[in-house]
Amino acid sequence: MNIELYIQSGIVESYVLGLASPAEVAEFERLLPHFPLLKDALSDFEYQLELFAIDHEVPPPPGSRERIEARLRETPAVRRTIHEEKRYRREASGDYIRVEASSDQIKVHKYWRPAFIVIFILSKILLALAIYYFVEYRHAQKQIIQLEQQGGKKGG
Amino acid sequence: MSYLNDIILFNFIYCKIYLLKSLTPVTPTNMKDILKKALSAGPASALELLYNRYSGMLFSYILQFAPDRTMAGKQLVKIFSLLGPRLPAAFDSQLSIYCWLQIEARKIILEYTSKNVNEHPGTDEQPGVDGSLRVDGAPGIDGRRSGGGYFALLAEAPPEHQWVFRELFIYGRQKEELALQSGKDLAYISCTLRECLFIIRKNLG
């Protein structure tokens, strides 16, 4: 088979634009793995077409994305997968700390973790300050007693 | 001071790596891989990816088939809401994701058009029955914006060529049907289409 003649027949363009008949599509897909030239012609045309599409891009009307999402939510099969997907995403992003779903466990939001850490550190600082001021207080008390004793001796 | 230099150097290298990563083109092969990963998380993720990347390109493509932006917007919504179950076929296809999307979009539009014509005969969505009347007619006479998109590439082609391409591409008619209705033979229609495709290819390059 003369592959160059085959390419020149416009089969690549017909195939990519969806204008080829089922028989032509079947023949093209059968030949494609055996002829690198055909594969190159296909890649080249696809590339040119994509560049053309990028150059002539038109933004869709506002609200299209929301309407698509709403339509997807209406479809039972997709609705179920969306629900599963949301759960998957939530688990993957770590929105919540995973806890065992048994009765003796509680579920806590992930924001509790830094809150607990802050509370723990604050409690340690306060404990250290309490010990420090207690020691200082004891030391001051001793000094007062010593000064009182010294004052008593001088007075006596 | 040397510590500060290290920080600046680190930030510079990091920015360079980030820029290189973001500027790496997405090839058709790795787009299929990216889409496959997205699909493994669920069809909504895959559709979101496709919408973010291709909605503008696809909308421009749909405008060739639709009479106005509102109708094209509706078609876009319809296409994306029907694409979910069809996505696995994209990986088996020999085409790139964008070209596969174009073909699927065209199929959906043509299905919708033929359904609409059967349910509401005589509406704007009806493909012309008497093709021969439009051979000498202006492009896009029926309201479709067939002056843009691929028709812009065919601007230099004779009106008859544009008509053949429009009937086959926009209305999804068969070559045999076209030959029968226009009174031309099949070889003539095939040859005209081939010339149209040649012009498109030449102007794309």
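Colleague: What makes a stretch of this predicted model a helix, such as the one that holds A:Glu46?

Modeller: A helix is a DSSP run of H or I with at least four residues, numbered from the N terminus. A:Glu46 lies in α4 of chain A, residues 36–55, so that run meets the cut-off of at least four residues.

Colleague: How many helices and strands does chain A have?

Modeller: Chain A has seven helices and zero strands. Its order from the N terminus is α-α-α-α-α-α-α.

Colleague: Why is A:Glu46 said to have no salt bridge?

Modeller: A salt bridge needs a side-chain nitrogen of Lys or Arg within 4 Å of a carboxyl oxygen of Asp or Glu. For A:Glu46 the nearest side chain of opposite charge is B:Lys32, 7.2 Å away; 7.2 Å is not within 4 Å, so there is no salt bridge.

Colleague: What lines the largest pocket, and which residues are closest to its centre?

Modeller: The pocket has a volume of about 700 Å³. Its lining has 28 residues, and A:Gly18, A:Leu19, A:Ala20, A:Ser21 and B:Arg106 are the closest to the centre. The largest share, seven residues, comes from α6(B). Among the other elements that each supply at least two residues are α2 and α3 of chain A.

Note on methods
Residues numbered from 1 in each chain as written. Chains lettered and ligands numbered in written order. Predicted model: local features only at pLDDT ≥ 70, side-chain atom pairs only at ≥ 80, totals over all residues. Heavy atoms only, no water. Buried < 20%, exposed > 50% of the residue type's maximum accessible area, 1.4 Å probe, protein only. Lys, Arg positive; Asp, Glu negative; His and termini not counted. 1 Å grid on protein atoms, 1.4 Å probe; cavity = no way out; pocket = protein on both sides within 12 Å on 5 of 7 lines; lining within 4 Å. Points joined across faces, edges and corners; volume = space filled by probe spheres on them.
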